[in-house]
Amino acid sequence: MKRWNSAALAVMVTAALFTVPLPAAGEDAAPGYVVDEVGPPITAVNIRTAAMGALPDGTPVVYAPTYGEPARLSVVNGETGELISAHDLGDKTTSTYTGLSPDGSAYAAGQTPGANLFRYDPAADAVTDLGAPVAGESNISRLTAFADDGTLYSGTYPSGHVFSYHPDRGFHDYGPIAEGEQYARSTAFDGDRTLYVGTGTNARLFSTDVTTGEKTEIPLPAEYAGTQTYINEMYYRDGLLFAFVTPAFAYLVYDTVTGQWRESLIDVPATPISDVVDGSVLFIDRTPNDLYSYDLASGAVTQLTALNLFSINAARGFGLLELADPEWPGVTAAGMGLTGRMWHYNLQTEQFRWVDTGAVAGALKIAALGMAPDGKMYAAGYLTPDRMARIDIDTLASEGLPGVSQSQFIGTIDVEGSGPSMFIGGYSDAGVWRFDHTRDWSYPSNPSRIVALSDYDQERVLDMEAAGSRLAVTSLNPKGSLGGHLTVLDPLTGAIAYTDEPVPNYSVASVLYQRIDGREVLIGGTSSSQLGVEHPDPDARLFVFDLETLTTEYVTVPRPGATGISQILQLPDGRIWAVTNDSAILDLDVRHDESGYAIDATEAVSIFGEPRGSGGWAGARLNLLDEDTLVGNAGGWVYTVDISSGAVDLVAEGSEAIPTGDGRFFFVRNTVVFRGTPDGWVRPDPVDPGPDPVERVNVALAENGGTATGSSAYGAYVPAKVIDGDVSGVASRWITTADDVDPWLEIAFAEESVVDTVTMQQFGGYELGDYDISAEIAGAWVTVAEVRGNTMARPVHRFDAVAATAVRIDGFTSRDGRVRLYEVEVTCEADAGCDGGAATVPPATTLSYEGENEVRVTLTAEAGSAAVERVEYRFDDGDWVAYEARFDVKRSDRQTMQYRSVGGDGAVEETRCVTFSPGGGEVDITTTAPLATCEGGDSDDE
């Protein structure tokens with residue numbers, strides 16, 4: 001560790017300072033700190049692609065690379081799933097792509113650091129590191145294009161080169177495919193001399209003569225031209241080229257003989273096209289997730305299965321195998337899933353089965369850390385198979401959890417009126433996920449996605465902040481597109497008040513909520529960084545956004561040369577600091593007067609004494625460690641800052657520095673998490689957590705006596721599945737049939753129950769847009785909620801408490817007309833209305849009277865949730881008097897009578913009023929008798 005006063009900017013730091021190795025667990029990181037290792041909290045089988053074929057002896061084989069540390073190639077028996085062998089890919093920490101050569105060898109791309117190509121020789125059962133195809137590139141693209149002589153063709157990132165490799169000739173670099181294209185994303189070879197290359201982040205298609213090097217661009221069909229980000233995959237099959245484009249999720253089919261585009265295969269996942277079988281190829285669809293064939297001659301599409309099981313994560317690898325088992329004759333379609341689970345479907349017998357495999361796991365890169373109100377640290381990874389982790393901040397024990405596949409934001413946010421909750425920002429759905437720490441973790445039910453900003457053309461969430469009673473979310477446009485949104489939404493329902501670019505063509509990287517001169521505003525920082533496109537004016541902006549008018553009121557460039565404002569923080573003394581992606585901390589003076597808003601920014605701290613890059617969007621962090629100290633990360637280092645002096649301590653190499661709230665902090669180094677503790681740290685006194693939350697009873701649950709019926713059921717996906725307590729099991733869903741045009745669901749309770757909340761766990765990607773919820777009350781159906789335009793996978797619908805015997809949901813709309821539901825929960829949640837599922841309902845008092853100058857008053861009370869304990873009344877705010885029998889009132893003076901009843905369970909009725917005026921005539925009742933209400937009456941006075 002080195003320390004200096006950042007104000008002395010002339011002080012230069014030697015290179016040795018930045019090469020200090022990370023200390024071993026338990027040793028001092030540097031004077032003043034102790035670092036303890038948690039280890040890699042997320043370890044999983046994580047297969048992004050797989051190749052299928054046969055070993056020289058005919059054994060069916062699947063080659064599955066591990067996207068994790070260390071990068072490994074698993075050689076798996078394609079029939080039994082047994083692991084034949086596993087091979088480390090040098091010093092690489094990730095491997096995504098693999099391919100099978102006509103000569104029987106297999107290839108794998110190993111990445112980070114750098115990008116090398118590896119070749120597996122099945123005869124020797126050994127892997128050879130072939131080196132880097134193109135120096136300086138960090139990624140190798142898909143390995144699916146081979147010539148008959150074993151020549152492999154592929155591409156690279158970030159310079160978009162095309163290369164070839166042959167065991168005898170080595171590498172040949174064809175150079176960049178096109179100026180300005182970062183990705184040579186996909187390749188396909190016609191078996192002669194034409195190589196097809198697809199690009200990103202601007203989807204373009206080229207044909208290249210591998211002999212002459214001549215290139216020709218092939219325009220995409222008009223409906224896709226200029227609108228797609230990537231050509232992610234390509235396959236050449238008997239004269240037809242299949243090119244998969246995103247975000248359309250379509251295979252475009254190009255006839256290379258006629259030069260014409262055929263009708264596209266739409267709404268398909270990014271899974272491979274099979275080899276040719278009897279004049280057809282096989283592919284996976286997503287509506288439903290089943291296996292289909294495509295006739296190469298006619299273009300006819302035929303559905304082969306009706307299983308609805310083949311999502312992209314079940315078919316990361318997809319191909320054809322020939323098995324030895326005679327009960328599986330001929331050709332068997334096979335898929336390798338994200339978690340290493342394989343499936344077989346025989347084309348002759350139509351048999352289907354799952355096969356567990358021995359594919360090896362790896363430690364996954366940590367992309368985000370964050371604390372939850374339960375006092376635990378949570379970790380999210382980078383491109384995981386839906387895995388997260390929870391870490392005990394004292395014992396350092398970690399446990400794996402199902403969760404979002406990738407996140408760049410995790411944190412506890414206390415929104416006014418909603419209480420503190422942990423929120424998670426997703427990629428690539430730009431999802432906003434909320435974790436209710438009072439309930440068990442049960443992804444995707446809890447945490448649940450309250451909104452997917454991908455519906456508004458956003459790709460990843462960067463930051464979130466409480467904005468009064470609302471939640472502010474910042475996000476980034478898809479790759480290849482400048483800009484990003486600020487979104488202001490309800491943290492419980494996901495209802496959006498605003499989503500747009502507050503500064504056009506800039507993404508919003510950070511926000512801070514403030515009240516200035518009585519107005520609620522957000523101070524925001526932008527980023528100009530984006531994959532696949534260069535910003536013409538990259539300097540980052542600060543802006544002021546008015547939450548009442550939902551408009552941007554002020555924009556400025558605070559620091560020329562800095563392209564991102566990664567985080568904005570208010571200090572305990574009220575000052576506002578912001579950290580930039582060139583490793584400076586700015587002091588922001590935000591003002592408002594009659595001429596409007598203004599922000600003056602001055603450098604308060606230079607973390608390294610000089611500018612140093614800290615990533616594009618959110619590479620630098622800044623958080624409050626204690627009242628006197630900040631902790632953050634920038635330029636690959638974890639640092640602390642003394643707030644009063646600006647002195648900087650470099651603690652250790654790392655990123656994602658997050659405080660625990662008790663004076664300690666956690667940080668990340670690739671796949672490993674560490675805890676940092678300042679010397680002399682003393683555990684703070686525990687905070688009273690308050691009363692235990694009331695247990696809510698789900699009266700719909702089958703084990704609580706609930707029963708479910710519905711309009712139809714697709715196979716085994718019957719209505720009873722929605723009340724079995726399984727909120728995420730693929731097999732535990734209710735799915736309606738395709739011909740059910742008026743679907744409905746009814747759930748009957750074991751007995752009449754007071755309910756006020758219906759929670760629906762829906763199937764992601766097929767959320768139900770519109771529907772009505774009714775409750776059966778005294779034998780009649782009463783609508784309690786009308787839902788329109790829902791986008792949440794787990795919507796929570798609250799309504800006034802009712803005593804019901806059943807609920808009904810109908811009027812459904814969805815993307816394909818079918819209903820897919822994991823679970824429906826029916827509970828009573830309002831503290832004033834229920835206790836552990838039993839609500840308290842006050843009595844209702846009726847007033848009647850007769851007479852004119854002398855009025856005889858009668859009070860009659862009807863029981864609520866308990867018998868009536870007493871009826872009482874008073875005049876003109878006097879003392880309450882117990883009502884025993886009817887009584888007379890003389891109307892000599894104007895006077896107001898208040899009355900109410902109290903139930904045996906303590907439920908107090910709203911105070912009601914009647915006014916008697918001198919002179920006879922009708923009694924003046926504030927509202928229509930018998931259930932009158934008071935204007936300004938004190939209903940809480942005892």
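Me: Is D537 buried, exposed or partly exposed?
Reply: This is a predicted model, and in it D537 is partly exposed, with a relative accessibility of 32%.

Me: What do the side chains of D537 and R541 do?
Reply: They form a salt bridge, 2.6 Å from N to O. R541 counts as buried, at 13% relative accessibility.

Me: ok, and how many salt bridges does the structure hold?
Reply: There are 42. One of them joins D546 and R519, with the closest N and O atoms 2.7 Å apart. D546 is in strand β49 and R519 is in strand β48, so this pair ties together parts that are 27 residues apart in sequence.

Me: Is D546 buried or exposed?
Reply: D546 is buried, as its relative accessible area is 2%. R519 is partly exposed at 27%.

Me: Which residues are linked in a network of salt bridges?
Reply: That would be D394, D662, R664 and R683.

Me: New topic: where is K92?
Reply: K92 sits in the loop between β8 and β9. K92 is buried, because its relative accessible area is 6% and the cut-off for buried is under 20%.

Me: What does K92 touch?
Reply: Among its contacts are P70, A71, Q111 and F118. A polar atom of the K92 side chain also lies 2.3 Å from the backbone oxygen of P113.

Me: Last one, what's the strand order in the open sheet of four?
Reply: The order is β39-β40-β41-β42, with antiparallel pairing. β39 and β42 are the edge strands. Between β41 and β42 there are four bridges, and W433 has R449 in β42 as its bridge partner.

How values were computed. Residues numbered from 1 in each chain as written. Predicted model: local features only at pLDDT ≥ 70, side-chain atom pairs only at ≥ 80, totals over all residues. Heavy atoms only, no water. Pairing = 2+ DSSP bridges. Helix = DSSP H or I, 4+ residues; strand = E, 2+ residues; numbered from the N terminus. Buried < 20%, exposed > 50% of the residue type's maximum accessible area, 1.4 Å probe, protein only. Polar contact = N/O pair within 3.5 Å; in protein donor to acceptor, adjacent residues only side chain to side chain. Contact = heavy atoms within 4.5 Å. Salt bridge = Lys/Arg side-chain N within 4 Å of Asp/Glu carboxyl O. Lists of a residue's contacts leave out its neighbours within four places in sequence.
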